[in-house]
Amino acid sequence: MKQLKFVILALVCFSFFSFRNVESVTNDSPKVSVIEMTKDILYYINLHRRSIGLQNLRLNDVECSLAVQHSINMASNKTPFGHNGLNDRAKKIAHEIGKVSMVAENVASGDMSAKEVVDGWLHSPGHKRNIETYFTLTGIGVAKNSKGVVYYTQIFTK
């Protein structure tokens with residue numbers, strides 16, 4: 001069985017600064033900062049939230065880890081593109097951080113900038129609703145498969 005290799009583009013929570021200066025290189029694209037992709041997605045999400053009077057989301061280590069794993073699973077075809085396993089991720093989050101009253105998730109795929117990912121979500125009613133709900137924590141994960149397809153996951157909790 002051929003094992004696909006993955007490039008993790010984004011796994012950073014602000015407590016993970018041991019990842020500083022980590023970059024990932026793919027065969028046909030320039031270096032992509034591991035830190036910058038997640039920071040940029042979070043920046044554009046929070047910019048929109050502030051524009052409608054909502055508080056910034058804070059990155060959570062547990063959610064980041066699960067978001068990265070879900071992106072990897074989609075990129076490897078271990079799970080189909082979508083939200084399969086969200087209930088399991090929600091249970092893991094609650095187990096690790098305590099009571100969680102709401103969980104939601106946005107996914108996307110394609111070769112996009114952070115702004116393009118967020119803009120795409122904002123033009124989709126269900127994804128936009130997740131961004132505009134009174135969530136407080138988030139996790140963001142991005143993975144690229146060997147064919148260059150990029151998968152994005154954002155988990156939201158309150």
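## Close-up views of a predicted model

**View 1. N46 in helix α1.** N46 sits in helix α1, which covers residues 34-51. The model shown here and in every other view is predicted. Is N46 buried or exposed? N46 counts as buried, because its relative accessibility is 6% and the cut-off for buried is under 20%. Setting aside neighbours within four places in sequence, N46 contacts N56 and L57. N56 stands 10 residues from N46 along the chain. The C-alpha atoms of N46 and N56 are 5.1 Å apart.

**View 2. The largest nonpolar core.** This core holds 21 residues. Which residues have the most contacts inside it? They are I41, I45, W121 and Y152. Five elements are to be found here, each giving two or more residues to the core: α1, β5 (103-109), α4 (114-122), β6 (137-144) and β7 (150-157). Helix α4 supplies the largest share, five residues.

**View 3. I41 and its contacts.** I41 is one of the residues with the most contacts inside the largest nonpolar core. What does I41 touch, once neighbours within four places in sequence are left aside? Its partners are A114, V118, W121, I140, V142, Y152 and Q154. Two of these names, W121 and Y152, also belong to the residues with the most contacts in the core. Another core lies apart from the largest one. That other core has seven residues, among them V68, I72, V107 and Y151.

**View 4. S71 in helix α2.** S71 is found in helix α2. How much relative accessible area does S71 have? The value is 0%, so S71 is buried.

**View 5. S109 in strand β5.** S109 has its place in strand β5. S109 is partly exposed, with a relative accessible area of 35%. Which residues does S109 contact, leaving aside those within four places in sequence? The contacts are F81, V150, Y151 and Y152. S109 and S71 are 38 residues apart along the chain. Their C-alpha atoms are separated by 9.2 Å.

**View 6. The salt bridge of E105 and R89.** How many salt bridges does the structure hold? There are four, and this view shows the one between E105 and R89. The closest N and O atoms of E105 and R89 are 2.9 Å apart. E105 belongs to strand β5 and R89 to helix α3, so the pair ties together parts that are 16 residues apart in sequence. Are E105 and R89 buried or exposed? Both are buried. Side chains of opposite charge can pair when their charged atoms come close.

**View 7. The salt bridge of K115 and D119.** K115 pairs with D119 in a salt bridge. Their closest N and O atoms lie 3.2 Å apart. Where do K115 and D119 lie? Both are in helix α4, four residues apart, which is about one turn of the helix. K115 is partly exposed, with a relative accessible area of 41%. D119 also counts as partly exposed, at 27% relative accessibility.

**View 8. The salt bridge of E132 and K128.** E132 forms a salt bridge with K128. What separates their closest N and O atoms? The separation is 3.9 Å. E132 counts as partly exposed, at 26% relative accessibility. K128 is partly exposed too, with a relative accessible area of 31%.

**View 9. The second largest pocket.** About 170 Å³ of space lies in this pocket. The lining is made of L66, Q69, H70, N73, K78, T79, N84, G85, D88, R89 and K92. Which elements give two or more residues to the lining? They are α2 (61-75) and α3 (86-97). Helix α2 gives the most, with four residues. By kind, the lining residues divide into one nonpolar, six polar and four charged. R89, one of the lining residues, also takes part in the salt bridge with E105.

Technical notes:
Residues are numbered from 1 along each chain as its sequence is written. This is a predicted model: local features need pLDDT of at least 70, side-chain atom pairs count only at pLDDT 80 or more; totals for chains, interfaces and linings use all residues. Side-chain values use heavy atoms; hydrogens and water are left out. On a 1 Å grid over the protein atoms alone, a cavity is a set of points where a 1.4 Å probe fits but cannot get out, and a pocket is an open set with protein on both sides within 12 Å along at least five of seven lines; lining residues have an atom within 4 Å of a point. Grid points are joined across faces, edges and corners, and a volume is the space filled by probe spheres set on the points. Ala, Val, Leu, Ile, Met, Phe, Trp, Tyr, Cys and Pro count as nonpolar, Asp, Glu, Lys and Arg as charged, and the others, Gly among them, as polar. Buried means under 20% relative accessible area, exposed over 50%, partly exposed in between (1.4 Å probe, protein chains only). Contact means heavy atoms within 4.5 Å. A nonpolar core is a set of buried Ala, Val, Leu, Ile, Met, Phe, Trp, Tyr and Cys residues joined through side-chain atoms within 4.5 Å. A salt bridge is a side-chain nitrogen of Lys or Arg within 4 Å of a carboxyl oxygen of Asp or Glu.
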